[in-house]
Structures are given as C-alpha cells and as structure tokens.
Amino acid sequence: MSGFVAAATGFPAVLFSFLLVVVIGYWLLALLGAVDLDHHGGLGDGLFAGFGGVPLAIPLSLLTAFSWFLSLAGTVVLQAVHPATPVRVLLGVAVLLVALVLGALATRVLVVPLRRLFSVTEPTRADFVGRACVIRTSTVTHDFGQAEVTAADGSSAIVQVRMAGEGNLHAGSRVVIHDYDSEGEFFWVSPLELEAEKD
C-alpha cells in the first residue's frame with residue numbers, strides 16, 4: 001500500500017492524482033443532484049476536437065482517469081529503474097506527455113460511440129407540417145391568421161397561418177397544416193373537414 005501511495009504522490013502521477021480527486025468529487029455531487037450534467041457544454045476545437053456531442057464532464061473525466069492510470073504506471077517504472085536524478089525528472093516529463101496523448105486517444109475511442117446517446121435533433125418548422133391545429137384569430141385569410149399547434153413533445157406554439165381561397169375559418173376552428181412558406185414564414189392550412197373529403 002505504501003508503494004501505491006508513493007507512486008500516486010510521485011511525479012508525474014501526482015498531477016493527475018489531484019485532478020482525479022476533483023473528478024471523483026464532481027461525480028459524487030452529480031449523483032447527489034448538487035451539480036447539473038451540462039449536455040450543452042461545447043468542446044470546440046483544439047485539444048478536445050473530436051470529443052464534441054457529449055457533456056464536457058464525461059471526456060474530461062475519462063481523460064483524467066486514463067492519464068492518471070498511465071502516469072501511475074510510468075511513475076512506478078521510473079521509481080524502480082531510476083533513482084531521484086535530473087534524468088528521472090526529464091523521463092517524468094516524457095511520461096506525462098505520453099500519458100496525456102494515450103489518455104486522449106483512449107478517451108476519444110470511448111466518447112465517439114457515446115455521441116449517439118446524447119444526440120438531439122433540433123426541431124424545425126417543417127416538423128409541424130401534417131399536424132392539426134386550432135385557429136386563435138377571428139378569421140384566417142391569404143394574408144392574416146394565427147393558430148395554436150402542438151408539437152410532438154407536447155409543447156404548444158402560436159404560429160402564423162394562411163388559407164388560400166375562400167373559407168369560413170374562425171377562432172376555435174380545427175385545421176391541418178399542409179405546407180410551410182419559408183419566405184413568408186407562415187404555414188398554409190386547410191379545414192380538417194376538407195382534408196377528410198380528399199381522403
């Protein structure tokens with residue numbers, strides 16, 4: 001046990017030992033609900049390029065754990081082979097760099113499959129096409145009208161709607177969205193009864 005403690009507190013493993021304690025503390029707090037696992041924490045480019053699509057805490061935790069284990073193994077080897085000399089310090093720096101690089105590679109291997117678990121498809125206005133909605137204005141014409149539509153997730157929204165030709169739509173009428181005009185940013189609707197007749 002004393003050998004493990006000596007290795008964990010020896011250079012370069014001691015750097016990752018401290019970070020590992022922080023990571024363990026973070027996940028304990030996350031389990032207790034004291035911190036929120038931020039799904040939208042962007043990783044951007046640079047060191048973490050290729051890790052995007054998952055909460056920032058996951059790749060950072062994996063990188064810390066892998067790098068700690070690799071640096072611990074390297075520290076054990078250095079303590080057994082080289083006494084405390086300037087050469088050992090240089091070798092320790094080399095172990096530190098190797099542990100970071102291999103830790104990053106191992107983290108990437110695990111994070112890439114996890115992206116599918118955290119992928120979120122952003123809803124678009126086209127998702128409303130084909131959905132029924134309820135008119136909320138006194139009338140609907142070719143240049144005026146609003147309706148309330150319910151999305152797949154249960155949330156509702158007030159959207160701009162239009163109807164071609166003559167109609168008798170009023171507040172409370174049920175209609176169906178059949179197209180979206182991206183230039184005018186409104187939806188074309190038809191009465192539900194009309195759609196039923198077409199079928």
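Strands E3 and E5 pair in the parallel sense over 2 bridges. Pairing here requires that DSSP find at least two bridges between two strands. Arg 162 stands opposite Trp 188 in E5. The model is predicted: local features need pLDDT of at least 70, side-chain atom pairs count only at pLDDT 80 or more, and totals for chains, interfaces and linings use all residues. Residues are numbered from 1 along each chain as its sequence is written, and side-chain values use heavy atoms, with hydrogens and water left out.

The chain holds 5 helices and 5 strands. Both are DSSP runs numbered from the N terminus, helices being H or I with at least four residues and strands E with at least two. From the N terminus on, the order of elements is α-α-α-α-β-β-β-β-β-α. The chain has 199 residues, of which 31% count as buried. Buried means under 20% relative accessible area, exposed means over 50%, and partly exposed lies in between (1.4 Å probe, protein chains only). Among contacts between residues at least 6 apart in sequence, 55% join residues at least 24 apart. A contact means heavy atoms within 4.5 Å.

The strands come next. The 5 strands close into a barrel. Their order around the barrel is E1-E2-E3-E5-E4, and the pairing is mixed. From one strand to the next, the twist averages 55 degrees. Such angles run from 0 to 180 degrees between N-to-C directions, and axes are lines fitted to C-alpha atoms, for helices over the stretch in contact.

Strand E1 spans residues 132-135 and strand E4 spans residues 174-181. These two strands pair in the antiparallel sense over 3 bridges. Ala 132 has Val 176 as its bridge partner in E4. E4 also runs antiparallel to strand E5 (residues 186-191), and 6 bridges join them. Asp 181 stands opposite Phe 186 in E5. E4 and E5 form a hairpin with 4 residues between them. In its turn, Glu 185 has a positive phi of about 55 degrees.

A second hairpin is that of E2 and E3, with 5 residues between the strands. Gly 154 takes a positive phi near 95 degrees there. Strand E2 covers residues 146-150, and strand E3 covers residues 156-162. Their pairing is antiparallel, over 5 bridges. Glu 148 stands opposite Ile 158 in E3. Gln 146 stands opposite Gln 160, also in E3.

Among the helices, H2 (residues 13-31) meets H3 (residues 57-81). Their axes come within 9 Å and cross at roughly 145 degrees. The crossing is left-handed. That term applies if the near helix is turned anticlockwise from the far one by less than a right angle; clockwise is right-handed. Residues of H2 in this contact include Phe 16, Leu 20, Val 23, Tyr 26 and Trp 27. On the H3 side, Ile 58, Ala 65, Trp 68 and Leu 72 are among them. By class, the contact has 12 nonpolar, 6 polar and no charged residues. Ala, Val, Leu, Ile, Met, Phe, Trp, Tyr, Cys and Pro count as nonpolar, Asp, Glu, Lys and Arg as charged, and the others, Gly among them, as polar.

Gly 103 lies in helix H4 (residues 86-118). Its relative accessible area is 0%, so Gly 103 is buried. Not counting residues up to four places away in sequence, Gly 103 touches Leu 63, Phe 66, Ser 67 and Leu 70. Gly 103 and Phe 69 are 34 residues apart in sequence, and their C-alpha atoms are 8.8 Å apart in space.

Aromatic rings were also examined. A search of the whole structure finds 4 aromatic pairs. Rings of Phe, Tyr and Trp (its six-membered ring) pair if their centres lie within 6.5 Å; planes under 30 degrees apart count as stacked, over 60 as edge-to-face and the rest as tilted. Tyr 26 and Trp 27 form an edge-to-face pair, at 5.3 Å centre to centre and 85 degrees between the planes. Tyr 26 counts as partly exposed because its relative accessibility is 25%. Trp 27 is also partly exposed, at 29% relative accessibility. The rings of Tyr 180 and Phe 187 have centres 4.8 Å apart and planes at 45 degrees, so this pair is tilted. Phe 187 has a relative accessible area of 3% and is therefore buried. Ring pairs link Phe 128, Tyr 180 and Phe 187 into a cluster.
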